[in-house]
Structure formats: C-alpha cells, structure tokens
Amino acid sequence: MQSIDQANHEAQRRIIDGEPILVDVVPASHAIPALGDNVILHAGPPIGWERMCGPLRGAVTGIAVFEGWAGDLDAAAAKAAAGAFAFHPNHHFGAVGPMTGMTTKSQPLLVVENRTFGNRAYCAINEGLGKVMRFGGNDAEVLDRLRWIRDVLGPALGRALRDCGGISLKPLIARGLTMGDEMHQRNVACSSLLLRQLAPALARTAKSNAELVACLDFIGRNDQFFLNVAMAMGKALADPARNIEGSSVVTAMSRNGTDFGIRVSGTGDRWFTALVEMPVGLYFPGFSARDANPDMGDSAIVETIGLGGFAMAAAPAVVGYVGAGRASEAAAFTRSMAEIVVGPNPAWTIPAMDFAGVPTGIDIRLVVETGLVPTINTGIAHREPGVGQVGAGVVKAPLKCFEEALVAFAETMGLE
Amino acid sequence: MDPEQDQIRGQPDSLLAAPPRVINVGLELFAENLASQGAQVVHVRWSPPAGGDARLAGLLARLRS
C-alpha cells in the first residue's frame, strides 16, 4: 500500500497532468440525461428548500418559471415548498455552477473535456454582471437573457467550438496568469484571449450578421465571461483525483449559501460540511454588509486546482477589487496557501513570484495542522431573492469541514 | 578565567548598548508592538499543531508516520 504522501502526489499529479479542452456547448439534458422536468441542480453540498438562503430560493423560483414548470415566481415557490422539485448538487453530475449554480434541462452547458483522463465536466454560460440569476435575480430581464443564451448564444458557441476543433485551456490559463488574472474574480485577460480565438469561428458559423454582432458584443462586454469556462475546467481537472486510496487531498470545495462543503480523495464522494462564512469585502454603492448573503457557489473549484485566491499574487489588481488589502500584499496570500498544498504546478506560474507555480493539491492534514484555511475570492449576493450582486470579497473556508474530514480520513486509514 | 563565561557575562551589556533585534515566535501582537516603536523585528508565525486540540494533533502525528 502506498503512503499518504505518495497518494497525495498522485492526486496532485492527476490535477496537473490533465489536458482540458473547451470542446462544445450543448443543452444540459444532452450532457446530463438525468435532467428531466422538475430536476434542479444547485451549487454546494446537498440542501433542501427549507434551508435554502434567499438568493438560492430566488434562483430556484426563477429557473422554474424559465423552464415552464410554474406560471410565476409565487407558484414556483409554492411548488418548491410542496416538494415538487428534486434538488441535487451540480457536483453529483460532473457539473459546477457559479453562486446559486442553477442547472436545468434546457440551459446550454459549456463542455470541457480532459483529454488525459477522458472525463468531461460542465458549467452554464456566464450571464454577465448586475442583476443575474447566479446572484438570485429572477425578473423578466433575467429570464429574457437566459432565453437568448439558450436560443442564440449557446448554439452559436457550440457551432463555433465544433468548427475550430475546441480550445486548449491550459496554455490560455498560463498566459492569463502573466496578464493579471487569477481566474476567479479577475478574468479580463482570459475572457479576451478566449474571444480572440473564438471570434473567427463564430464569424464562420454565424447564422446572420446580427447574431454574430450580438454574440461578440455580449462576450466582449463581460469581463467575467471566462469564469464559467475556468470552473468547468477546474471540475474536469479535479475529478480524476477523486477516490485515490490513502489520499488526503481535497477534490472539491463548494458552498450553497448556507453550508460550505468539501470532498477529499481518500474518503470518496462524502461531503464534510459546516456553516458557510460571510465574505469580507467591498460593496457596490448603496449596499453594505447588512445586505450580504453568506458565501455561495461551486466556483471554489478554481481554488481547489490552485487558482483564484491561491493565485492572488498573479492578480494584484484583484486585491483592491475584493478589499483584501494593498496590492503589495497579494503575494502573501499565495505564499500562505503554499503552506497547505502538496506543491506547485509548474505549468501555471506567477511572474511576480519569480515564476513559482500556483499552489496545488490542498492537503487536509496541513490545513488542520496549521489552522490555515483556503482563501477564496468571491462575489457577494444580496441576501434577499431577486436583487443580485452587491459586492465582492474574500472568504475563508471553515476549519470545521477539514477537522471532520481528517477524522473520517483517519478512519479509512484504520486509525481512531 | 573561562573565555566563554566572559562572553556570557558580557552579553547583557552588549544587549543594552545596542538597539534590540528581535525574533518573535507565535503571537503577532508582540511583534507589531515592537515594530510600532521602531524595533527591528522578524515575526515567525507559529501555533500549536491543530490549534492545541490534543485529539486532532494525535491523529495528525499518526497520519504523518
């Protein structure tokens, strides 16, 4: 039997050796056949309607109207309370979703294929900033945008990606890190690099000039367009590291606005949860911490693979955006995270740290021993349904998840 | 006379004669207070394993062996 250190190096090797390609955009029901009527996937570990926070409830009611399962938001809420919807985590179906993380049958999903290990992962398309469903928005403007994404943008992106044979994401991330992105709260460079590669294929396959202009305009105006691509990539890279006997490496971190959950390679697909914490950050004009919901979203999958808060040193500008101190302090975040991982990823390096690789492969033993918990860069949703994003900040993973995971992991190793 | 003993005996004088240079281990507040008064201080972040939880620290020790 291999040692824990050997098992952890194998887990980290699998994360690092993955070859993620953005290959397609397909309707969710094609990618995930289990997505029938009244089935709703959400961000984070499992949760029922009764414990869902405001923005998650807002998104659930909105997506039910979008899918035609309810006539209006009130009817959708009544159906949800009556148990008419089946709720499951995205992570149980090879998917991830930012913030509320709604995934239902007719939404188009980005498809990232990990060519090294042959697995695929999925994420919905980023809706843009402001009032959007991932932050709990659910009015007519939000639903109309989702319909356009479903009917126009999703199919157009699918045609373009099939036309160009897919886009290799590993070199794109490597370049983005040298251009100031950390791939969670700053995706300006990678969104631009992606659009640069997509644009000719979009032009070749567009059904009309108007459609092409609308798609280019939508992507070009959204600095966070790449986030959802990075998330699907993160899931595609992390999944092969699951279920390695004797490995204490984290394979998923996620939150649903109520609970924070982690999964650990050596303990299979069991969730270890604790109440999620409030982000500390900056608020848009007119909002304050009183308006904020506790942290949410599957987006911490990017920290799970060494990006986001772990790659803060690559993105000094984001330190100011999330209110985490001075730009000169960015490197301290990355150095701190380097203390709780198996090692650096030599393929993704940070110029400002003498080209050190991003810290990769969170070891729960190191988290519990040091008390250093993963730092996650995040958006902040309003706590009431239907309002949307009110700020951005930094949140700490709760230590309790890691302590409970350590005890369970020790049991799998014949201890306790 | 033992030269080593001489050296040890001489240390308090040299400590007082020069500005202090401090390595602080553990509680960062001590380092911050010294730094705010202009002292040269290097802080080493340290805490007991598992925050001093004996059960978890014991598990960690066994999982490391």
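Helices (H or I, at least four residues) and strands (E, at least two) are DSSP runs here, numbered from the N terminus. Residues count from 1 along each chain as its sequence is written, while chains are lettered from A and ligands numbered from 1 in the order in which they are written. Since the model is predicted, local features need pLDDT of at least 70 and side-chain atom pairs count only at pLDDT 80 or more, whereas totals for chains, interfaces and linings use all residues.

- A:H91 is buried, with 28 other C-beta atoms within 10 Å. The cut-offs are 20 or more other C-beta atoms within 10 Å for buried, 12 or fewer for exposed, and partly exposed in between, with C-beta atoms placed from the backbone.
- Leaving aside residues up to four places away in sequence, A:H91 touches A:V96, A:A252, A:S254 and A:D298. Contact means that the C-beta atoms of two residues, placed from the backbone, lie within 7 Å.
- A:H91 and A:T267 are 176 residues apart along the chain, and their C-alpha atoms are separated by 15 Å.
- A:M99 belongs to the loop between β4 and β5 (108-114) of chain A. Its phi is positive, near 50 degrees, in a residue other than glycine, and A:M99 is buried with 30 other C-beta atoms within 10 Å.
- A:M183, in the loop between α6 and α7 of chain A, has a positive phi of about 75 degrees although it is not a glycine. With 32 C-beta neighbours inside 10 Å, A:M183 also counts as buried.

**How helix α7 of chain A packs**

- The axes of helix α7 (residues 188-205) and α9 of chain A come within 8 Å and cross at roughly 90 degrees. Such axes are lines fitted to C-alpha atoms, for helices over the stretch in contact, and angles run from 0 to 180 degrees between N-to-C directions.
- α7(A) and α9(A) are therefore roughly perpendicular to each other. That term covers 65 to 115 degrees; under 35 is roughly parallel, over 145 roughly antiparallel, and the rest oblique.
- On the α7(A) side the contact uses A:C190, A:S191 and A:L194, which meet A:F225, A:F226 and A:V229 in α9(A). By class, this contact has five nonpolar residues, one polar and no charged. Ala, Val, Leu, Ile, Met, Phe, Trp, Tyr, Cys and Pro count as nonpolar, Asp, Glu, Lys and Arg as charged, and the others, Gly among them, as polar.
- Helix α8 (residues 209-220) of chain A also meets α7(A): the axes come within 10 Å and cross at roughly 170 degrees. That makes the pair roughly antiparallel.
- A:L195, A:A199, A:L202 and A:A203 of α7(A) form this contact with A:L212, A:C215, A:L216, A:I219 and A:G220 of α8(A). Its residues divide into eight nonpolar, one polar and no charged.

**The two domains of chain A**

- Chain A is divided into domain 1 (21-233) and domain 2 (242-412), with bounds from an automatic or database domain assignment.
- The C-alpha centres of the two domains lie 21 Å apart, and each domain gives 46 residues to the contact.
- On the side of domain 1 that touches domain 2, α3 (54-66), α6 (169-178) and α9 (225-238) of chain A are the elements that give two or more residues. The residues of that side divide into 21 nonpolar, 17 polar and eight charged.

**Helix α14 of chain A and the contact with chain B**

- The chains meet through eleven residues of chain A and nine residues of chain B. α13 (364-370) and α14 (399-412) of chain A each supply at least two residues of chain A's side, and the largest share, four residues, comes from α14(A).
- By class, the side of chain A that touches chain B has seven nonpolar, one polar and three charged residues.
- Buried residues in α14(A) include A:C401, A:F402, A:L406 and A:F409. The buried residues of this helix pack against β9 (259-264), β10 (272-275) and α13 of chain A, together with α3 (54-64) of chain B.
- Just after α14(A), A:G414 takes a positive phi of about 80 degrees.
- Chain B holds three helices and two strands, running α-β-α-β-α from the N terminus on. Buried residues make up 9% of its 65 residues.
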